[in-house]
Amino acid sequence: MDRNSVIGIILISIVIGAWVLYQSSVNVRDVTPQQTKRTVERADSLRSAVKPAATAAPLQLEEPASAERTVVIETDLLRVNISSLGGTIRNWKLRKYHPWYGKDSATLVDLVHPGVKELGFSFRTNTGAKVDARALNFTLNAKEDVIRVAKGQTFTLQATATLQGGGQIVRSYTFDGSAYGV
């Protein structure tokens, strides 16, 4: 080992040692009984805020009008299947792209993994109950099962789930005939 290597190792050791000493002096924890009590009280209040109320009624959905429905949106660039189950996307095929593994020219690139419900979501109600929207049956506002959107036109598909008691969840997808995005 030459002289420059030894000097480099010594300088690196000094910098790392100084950094460790600095961090240990800055990061002082307060473990007094008062601080511990405040931490426990804060954790208890957060835990009670997430628990559902004992008397709260569970989230109820109105019965769906029909079984699962799929609406296909077609443009010159893509073909998207949207399911009424969760208002999710079943597949998103790009018309101008073919996968490397495709055995024929009819196979298109699909951005959604088979069997996956993309753009699903879940949330908590004001009572703390968890709702997975992918399990809810939405009503799609499309009159037809296949909708063609021409270049320069737009189409908005709305998916609505109605709750008993008047609440609604509305999802909107707006497609442009000349763009890949939604």
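**Entry 1. Asn 81**

I looked up Asn 81 and found that this residue counts as buried at 14% relative accessibility. I use buried for under 20% relative accessible area, exposed for over 50%, and partly exposed for values in between (1.4 Å probe, protein chains only). The model is predicted: local features need pLDDT of at least 70, side-chain atom pairs count only at pLDDT 80 or more, and totals for chains, interfaces and linings use all residues. Residues are numbered from 1 along each chain as its sequence is written, and side-chain values use heavy atoms, with hydrogens and water left out.

Asn 81 lies in strand S2. Helices (H or I, at least four residues) and strands (E, at least two) are taken as DSSP runs, numbered from the N terminus. Which residues does Asn 81 touch, not counting residues up to four places away in sequence? I noted Thr 70, Val 71, Val 72, Thr 88, Ile 89, Arg 90 and Asn 91, where contact means heavy atoms within 4.5 Å. The C-alpha atoms of Asn 81 and Asn 91 are separated by 5.3 Å, although the two residues are ten apart along the chain.

**Entry 2. Strand pairing around S2**

I followed S2 to its partner. Strand S2 (residues 78-83) pairs with strand S3 (residues 89-94) in the antiparallel sense, over five bridges; two strands pair if DSSP finds at least two bridges between them. Leu 78 has Leu 94 in S3 as its bridge partner. S2 and S3 form a hairpin with five residues between them, and Gly 86 in the turn has a positive phi of about 85°.

S3 also runs antiparallel to strand S4 (residues 109-110), to which two bridges join it. Here Leu 94 stands opposite Val 109 in S4. I then traced the sheet as a whole: it is open, has five strands in the order S4-S3-S2-S1-S8, and its pairing is mixed. S4 and S8 are the edge strands, each pairing on one side only.

**Entry 3. Salt bridges**

How many salt bridges does a search of the whole structure find? It finds six, a salt bridge being a side-chain nitrogen of Lys or Arg within 4 Å of a carboxyl oxygen of Asp or Glu.

I began with Asp 145 and Arg 69, whose side chains meet in a salt bridge at 3.0 Å, N to O. This pair links distant parts of the chain, 76 residues apart: Asp 145 is in the loop between strand S7 (139-140) and strand S8 (146-148), and Arg 69 is in the loop between helix H2 (33-50) and strand S1 (70-74). Asp 145 is partly exposed, with a relative accessible area of 44%, and Arg 69 counts as partly exposed at 22%.

Next I took Glu 74 and Arg 79, which meet in a salt bridge at 2.1 Å, N to O. Is Glu 74 buried or exposed? I recorded Glu 74 as buried at 15% relative accessibility, whereas Arg 79 is partly exposed at 31%. Glu 74, Arg 79 and Arg 95 are linked in a network of salt bridges.

Arg 134 forms a salt bridge with Asp 132, and their closest N and O atoms are 3.1 Å apart. Arg 134 is partly exposed, with a relative accessible area of 33%, and Asp 132 counts as partly exposed at 31%.

**Entry 4. Nonpolar patch**

I examined the surface and noted a nonpolar patch of about 700 Å² made by Met 1, Val 6, Ile 7, Ile 9, Ile 10, Leu 11 and Ile 14. Patches are made of residues with over 30% relative accessible area and no salt bridge; like charges are joined within 9 Å, nonpolar side chains (Val, Leu, Ile, Met, Phe, Trp, Tyr) within 5 Å. Ile 9 lies in helix H1 (residues 3-26) and is partly exposed, with a relative accessible area of 45%.

**Entry 5. The whole protein**

I counted two helices and ten strands; from the N terminus on, the elements run α-α-β-β-β-β-β-β-β-β-β-β. Of the 182 residues, 23% count as buried. Among contacts with a separation of 6 or more, residues 24 or more positions apart account for 47%. The protein exposes about 12,900 Å², of which carbon and sulfur atoms supply 56%. Accessible areas come from the Shrake-Rupley method with a 1.4 Å probe; for residues, only the protein chains shown count as cover.
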